[in-house]
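Work through the exercises below with the model open beside you. Try each task before you read its solution.

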Amino acid sequence: MGVVKSKLAGCCPSRCACCGHHRSDSYDLKDLPRPPRLDDSNNVIDGTRQGVLAVQGIDFCIDSNGENHHTNKFDLMTRDVDRCLVVRRGQAFKLDILLNRPYDAKRDAVSFIFYVEDVQKRGPSNEASAAVPMLEKGSETLGSWNAVYEGQIDSHLMVAVTPAADCIVAAWRLDVDTKLSGAGALSYTHPQPIYVLFNPWCLNDSVYMPGHSHREEYVQEDGGLVFRGVYNRIKPAPWNYAQYEKDILECALYLIREVGKVKGGARGDPIRIVRALAAAVNVQDDNGVLVGNWAKELSDYSGGTHPLKWVGSLAIIQKYYEKKKPVKYAQCWVYAGVLTTLCRALGIPCRPVSGYDAAHDSQGSLTIDIIKDENGDTLEEFTNDSVWNYHVWNEVWMDRPDLGPDYGGWQAIDATPQETSEDVYRCGPASLRAVRDGELQKPYDVSYVFAQVNADKVLWKYSGEIQPLKLLARDTISIGQNISTKAIGRMEREDITNLYKYPERTKEERDTMEKALRKSESIFARYYLNDAFNDVTFDFELRDDIKIGQDFNVVLHIKNRSTINEHQVKGVLRVDTVTYTGVTGDGVKRHEFDMKMAPEKKETITLPVTFNDYYKKLVDQASFNIACLASIVDRNFDYFAQDDFRVRNPDIKISIDGKPVSRQEFTVNVKLENPLPIPLKSGKFYIQGPGLDKQLKIELSENVAPGEFATAQFQLTPPWAGRHQISAKFSSKEMHDVDGFLSIMVAPPASNGVS
């Protein structure tokens, strides 16, 4: 038995009667129901009378429905065989139903039975099932499932079906029941499911997002940027979300159903969905997607992929869905990238967000307490809180009917396993309005997010077991800087710090903090005072834009502002490697000083750091902590200051040959200069781009000498016209965390017709 393309059961016209587009379904004749068998008297065998409507096939009008529902890029809609319809709830989609004869409204009744695929059976109308009679136009019921007669041509019946705006987001099965007045009935089951998603275009959907450009960016865009680095040297890194590709949507639904254990009508509630996904993306409590690893040594990532080598979500999710086993390894931006993919695939507006000097408040005190010893080392055994150079989480857009209309909009969620929420490692959704106003009791996890972006940082000096902790500094402004996300429609950074808190040093910010502290249940000390001593000042000077491979200087300026008093200043200036989570690695270099500062005297201390000093001590993302611990001996006053610093890796340059056209192959060139004074060995490029169904790895055959270029060339075939992103990573034994990206516009193929 063959496959008939562009015709239903071999007898339909080649264009869809309801939309005029060429038919895009393929039907295997053995899967189509047969017309009822008639006896010699034209009666239907099995006891039903002649003339009962029999459904012989359904055209899902994939082209027009895909365009109207913004789902035409999904692999489920574009693959060669077994295409499935993907639509959004609360919005009509059209069906072209082939019958054994024309429909007669006076004697025929037609009903559509929709039921969630994993329920396995149809039943009475409930959360997972909907019995929908076909109605005439104008008799629909607002907000519920509807099926409306649109017209007919010969034996083709056109129907517009609208799923309820709050229905379960899942794969649905469809039966069509037909009945002849006063006679028998027949039922047809379509072999392929219909995937119903959230609908940010629908006013009645709780994820409705106003603004075409916003929906295009936060739902439809399949590539973007994630920001890393340090607050004063922000690094944009490309990430391919690939939400339309093979297995992605199916995996998202699997995670909700099987890993998140979301049941019944909760599968239509975006609050419950994102909360479940935030837990399912990490492996801590279940068989989730990703295993986290923050090890310092590359050898500790054996058996998996270093987080810096991932270019996007595609390879991660496909690997997980194939084996149903967690994928190794992830850090915060990988969790956030995968969570963005899953949410966008389901139709929930989502974006990754990076915050710099992000706090991890382990005690719920809204303070981050860092304890130092005499040398300025952090005493890890006494310090439970931490400050990450940056942290990446997510925001999703939705209403919050549980909180009221003022708390809808962007909500913070986080899949990186740091603290539990209701005994599960996840965070959110926390309304940004509640975070900004210090409403710590609002669900979910507002207190944690508030501390992450607005805690007070307190530095203590530990001098021994019998000595009291001595307050070094109280920092009320450094936590939560430069909160960033990708700008709409541009490969640039947008600062959204104002969505999380009032500007630092303003009365509103301090009032909000005090309000939050009053509501905190922690008994930890809330306010810290230090002696007011301002005679001697210390200022760091760091040269901008140091490329890896170069030497650099750390400069400390000391000034005695007193016009009458001399002061003895003693201390240490040090440079340490540091992970982005704030864990100090090996010491790179240190310089001790002891000097007398005459009135109004200025001193400059320069600490040169060479490539040989730091190269072998670098950890993950080439970050350093610059610190100064000083004592004003005659006043018994201790001073501590620190800053973050990062040497910059080079960028991969990406270029293309000619102008790209959809469904036509074009050539891409990648190029990277070796900035190190040593050769790069075992170099590899990792590529994601349009038309690639899995991550491309290109291994270099030769070493790359200092100052020379690593190059590669490959071909891509974009599946559709419009904006696409090409992302590249490079890794070698000597250099990691190197990337580049190129945003391109792909033209539609030229028409072959003659005007």
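Two exercises follow, each with a worked solution.

This is a predicted model, in which local features need pLDDT of at least 70, side-chain atom pairs count only at pLDDT 80 or more, and totals for chains, interfaces and linings use all residues. Residues are numbered from 1 along each chain as its sequence is written, and side-chain values use heavy atoms, with hydrogens and water left out.

**Exercise 1.** Find the residues that the UniProt annotation "active site" covers, and state whether Cys332 and His391 are buried or exposed.

Solution.
1. The unreviewed UniProt entry places this annotation on Cys332, His391 and Asp414; such annotations may be inferred rather than shown by experiment.
2. These residues are spread over 83 residues of sequence, yet they cluster in space, with a largest C-alpha distance of 10.0 Å.
3. Buried means under 20% relative accessible area, exposed over 50%, and partly exposed in between (1.4 Å probe, protein chains only).
4. Cys332 has 0% relative accessibility, so Cys332 counts as buried.
5. His391 has a relative accessible area of 1%, so His391 is buried.

**Exercise 2.** Locate Cys332 and His391 in the fold, and list contacts of His391.

Solution.
1. Helices (H or I, at least four residues) and strands (E, at least two) are DSSP runs, numbered from the N terminus.
2. Cys332 is found in helix H7, while His391 lies in strand S19 (residues 386-398).
3. Contact means heavy atoms within 4.5 Å.
4. Setting aside neighbours within four places in sequence, His391 is in contact with residues including Cys332, Asp414 and Gln452.
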